[in-house]
Amino acid sequence: MGGTNVWDAEWEVNEEQARTLIGRQFPQLSSKQVKRLGWDNTVFLIGDEYVFRFPRRTIAVGSIRMEGKLLPKLEAYMTIPYPKPLFYGEASDEYPAPFLGYAYVPGDFPIGLTEERRALSAETLAKFLRRLHEFPVQAALNCGVQQDHRSLTDIASRKVKLEGFLSKVVEHLSPEESGVIEAYISRLQTDHVEAVNALLHGDLHFKNMLVNENGIVSGIIDWGDLSVGHPACDLSVAYSFLPPYARGVFFETYGGADEETKLLARLIAVYIPVLILMQAVDDGNEAIAAEAKSNILRALSD
């Protein structure tokens, strides 16, 4: 194990264990092939119709329980396919945590897409977020969703964190790239924006989005960061994912956003890919590192 990073696991599940745990609790799935998927070693494809996610850390258990309650309620609000929970696995002597089985959402990760392809998703993403952000906040809180646990509106402290992260990855950036990011940070004079409450996906970036063969967004996955907070958190995709010329259509379709919201959305569109870049550097994953960099630079272009 490397140093202690937030993404390090407390326990692991291999294919054999997954097959045993799933087969024991859901015998109707025991004949299906089990295949490890995705960025985490805890997601398994069962046959070609279900995905099972196993939390790797105690801290993830609460979010699995909350997803199990809230995700089914989102169905009427969803305009893009998402993994709806279908199988609720319980903790046992063999495995210390609950786990969930979802409907499999097919698609590819949007890595290396052209700007033209990205622009095709402007309305799709905006409609998706408009509906998601209309979900009743109180109903979400009743399901155990956390409210602004990440202090999204505190720009000053996020800026300090961003500077710290940047110092860790600066040697993996060109002088031009780090120059652009540093110039942006030094221009960022707002310390705080007004709180707004909406139900958020909470972690909307290229590792949690799927696209079809035309490069259009066709699935939104990994809902473990569902929370209530400032919609700018999710609206960050207008900056990290969409080219500048597609943002007007995006915000028009979404229903507008004030300047504070756009300012915070852009900051998060830099912040999240910087975190992804740190993890990719840690993992030695050059494809993810390159995509994270392009997201940062896209977010900072007008």
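**View 1. Tyr184, Arg187, Leu188, Gln189, Thr190, Tyr239, Lys262, Leu263, Arg266, Leu300 and Asp302 line the second largest pocket.** The model is predicted: local features need pLDDT of at least 70, side-chain atom pairs count only at pLDDT 80 or more, and totals for chains, interfaces and linings use all residues. Residues are numbered from 1 along each chain as its sequence is written, and side-chain values use heavy atoms, without hydrogens and water. A pocket is an open set of points on a 1 Å grid over the protein atoms alone, where a 1.4 Å probe fits, with protein on both sides within 12 Å along at least five of seven lines; lining residues have an atom within 4 Å of a point. Helix H7 (175-187) and helix H11 each give the lining of this pocket at least two residues. H11 makes the largest contribution, with 3 residues. Helices (H or I, at least four residues) and strands (E, at least two) are DSSP runs, numbered from the N terminus.

**View 2. Helix H11 covers residues 259-283.** Its 25 residues should span 36 Å at 1.5 Å a residue, and the end C-alpha atoms are 36 Å apart, so the two values agree. The expected span is 1.5 Å times one less than the number of residues. Gly284 follows H11 and has a positive phi, near 70°. Helix H12 (residues 286-299) contains Leu297. Leu297 counts as partly exposed because its relative accessibility is 30% (buried is under 20% relative accessible area, exposed over 50%, partly exposed in between, with a 1.4 Å probe and protein chains only).

View 3. Val180 has a relative accessible area of 38%, so Val180 is partly exposed. Leu300 is also one of the residues lining the second largest pocket.

**View 4. Tyr82 and Trp223 form one of the aromatic pairs in the structure, which holds 17.** Their rings are 6.0 Å apart, centre to centre, with 65° between the planes, an edge-to-face arrangement. Rings of Phe, Tyr and Trp (its six-membered ring) pair if their centres lie within 6.5 Å; planes under 30 degrees apart count as stacked, over 60 as edge-to-face and the rest as tilted. The pair joins distant parts of the chain, 141 residues apart: Tyr82 lies in the loop between helix H2 (58-70) and strand E4 (85-89), and Trp223 in the loop between strand E9 (217-220) and strand E10 (227-229). Tyr82 and Trp223 are both buried.

**View 5. Phe250 and Phe251 pair edge-to-face.** The ring centres are 5.0 Å apart and the planes stand at 90°, which is why the pair is classed as edge-to-face. Phe250 is buried, with a relative accessible area of 0%. Phe251 is buried as well, at 6%. The charged end of Lys262 sits over the ring of Phe251, 4.8 Å from its centre (a charge sits over a ring if NZ of Lys or CZ of Arg is within 6 Å of the ring centre and within 35 degrees of the ring normal). Lys262 also belongs to the lining of the second largest pocket.

**View 6. The charged end of Arg158 sits over the ring of Tyr271.** The distance to the ring centre is 4.5 Å.

**View 7. One aromatic cluster is formed by Phe26, Phe44, Tyr50, Phe52, Phe54, Phe87, Tyr95 and Phe99.**

**View 8. Asp222 occupies the loop between E9 and E10, and Val217 lies in strand E9.** Most residues other than glycine have a negative phi. Asp222, however, has a positive phi, near 55°. Asp222 has a relative accessible area of 28%, so Asp222 is partly exposed. Val217 is at 5% relative accessibility and therefore counts as buried. The C-alpha atoms of Val217 and Pro81 are 9.5 Å apart in space, although the residues are 136 apart in sequence.

**View 9. Ser151 lies in the loop between strand E6 (146-147) and helix H6 (155-169).** Ser151 is a residue other than glycine with a positive phi, near 45°. Its relative accessibility is 36%, so Ser151 counts as partly exposed.
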